[in-house]
Amino acid sequence: MRTLTLAACGAALVIGSLTAVPAFAVSGGRPVTNPATAPWLATIARTGSEPLPQRELCGGVLIAPDRIATASHCLDHGDPTLLEVHIGGGTLSTDPGRIVPIKGFATNPGFRLIPSPDNPRNLDDAAAADDAAIIVLAHPVWGVPVLPVAKHSPAPGTPVAAFGHGLPAIDALQEGRLTVIDDAGCDRQMAGTVDAASVVCAQHTGTTICSGDSGGPLVEYTGEGAELVGLTSFSGEVTNKQCGQDTPAGFADATALRAFLVQPHPVLAPMPTAEPTITGTKAAGATVTCQPPKWAGHAPDSTTYTWDESTVDPSNGFEFYLPIDGAPQTPALAVTEDLASHKLLCVLDASTAGGTVELLTDPD
């Protein structure tokens, strides 16, 4: 299937490969050389033939033999058929771990973005609340230790460890040692964007969380072993700081969101079995129709449609897609003489209580 990038806030749609802002992984961290350090680590990547370091998108963690915990913002409005999960990878180029098929995902129903006061229109710089999601695997992974979700949030002053590969992915897994800080102090440093009910903060001079570490685990080591206390959510981008500049990091509080993460029978977002397609003749006076795919498991409770048309930037010849003014949010589109001369594309948003997936047809 095609890969894609969707810009936030209704901006232009660009067909191409998934991209992200360049960054380093756990700046100030150290490479993990012992595979036994984080056997429960998961890597979420887009499907494709490129080397895994070029396809890695987010981190995650195995919390049950058939379940990955990660950040909601890694999955929300995504297409699960374009994703693959690697379990237990360390150095991505030589030890990518095992690929496990995905049954589906569920995002936390309370997930929301909290815009940065410095740059409210750029949601890449936003903080988040209830930023936890689960991926249910098509079959259990046996023989790999799971990381249990802690029952109690770590107190300020507790030493913790964050793990990540970053974007573009650093080949070797990085571990950063941090210390939990109080929510009020974190909120002051993060311009009032910290949702204390669902976020735990940690900080250490010289060590920061960076783009691409999202969804990775924050771990506390107790007398009973390692426990999951957080999932990487946001950091210095909220206050215009670059990777490597000292700042706290916000993690989805796994203990506060534990009931969601460990629920026995989660409702999953719709799982398509194919891409939607455009049928009909693209000619003036005719009608084209966006045909939804068939679904594995629960069919969508609601579906919305957006029609886009191609346009070309005259300065560089680059083709991109913008919503058609006045187009109905329905499967059928009446083709005008102007639209007949453009490529058309249908964007389909399908939702259940488990979340929303966004699917695109091939341009027609």
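**Sheets and a cavity**

Start with the open sheet of seven strands, in the order S8-S7-S4-S5-S6-S12-S9, with antiparallel pairing. The edge strands are S8 (98-100) and S9 (102-107), and each pairs on one side only. From one strand to the next, the twist averages 35°.

Some ground rules. This is a predicted model: local features need pLDDT of at least 70, side-chain atom pairs count only at pLDDT 80 or more, and totals for chains, interfaces and linings use all residues. Residues are numbered from 1 along each chain as its sequence is written, and side-chain values use heavy atoms, with hydrogens and water left out.

Now the terms. Strands (E, at least two residues) are DSSP runs, numbered from the N terminus. Two strands pair if DSSP finds at least two bridges between them.

S5 (residues 56-64) and S6 (residues 67-70) run antiparallel, joined by three bridges. Leu62 has Ile68 in S6 as its bridge partner.

Next, an open sheet of three strands. The order is S20-S21-S25, and the pairing is antiparallel. S20 (277-279) and S25 (332-334) stand at the edges with a single partner strand each, so one side of each has no neighbour in the sheet. Here the twist averages 25° from one strand to the next. S21 (residues 287-291) is joined to S25 by three bridges. Val288 stands opposite Leu333 in S25.

On to S18 (residues 249-253). Cys201 has Gly250 as its bridge partner in S18. S17 (residues 225-234) also runs antiparallel to S18, with four bridges. There, Gly230 stands opposite Asp253.

A cavity is a set of points on a 1 Å grid where a 1.4 Å probe fits but cannot get out, and lining residues have an atom within 4 Å of a point. How many cavities of 30 Å³ or more does a search of the whole structure find? One. The largest cavity holds about 50 Å³ of space, a volume being the space filled by probe spheres set on the points. Its lining includes Leu41, Glu56, Phe163 and Asp213. S4 (41-46), S5 and S13 (159-164) each give two or more residues to that lining.

Note on methods. Axes are lines fitted to C-alpha atoms, for helices over the stretch in contact, and angles run from 0 to 180 degrees between N-to-C directions. On a 1 Å grid over the protein atoms alone, a cavity is a set of points where a 1.4 Å probe fits but cannot get out, and a pocket is an open set with protein on both sides within 12 Å along at least five of seven lines; lining residues have an atom within 4 Å of a point.
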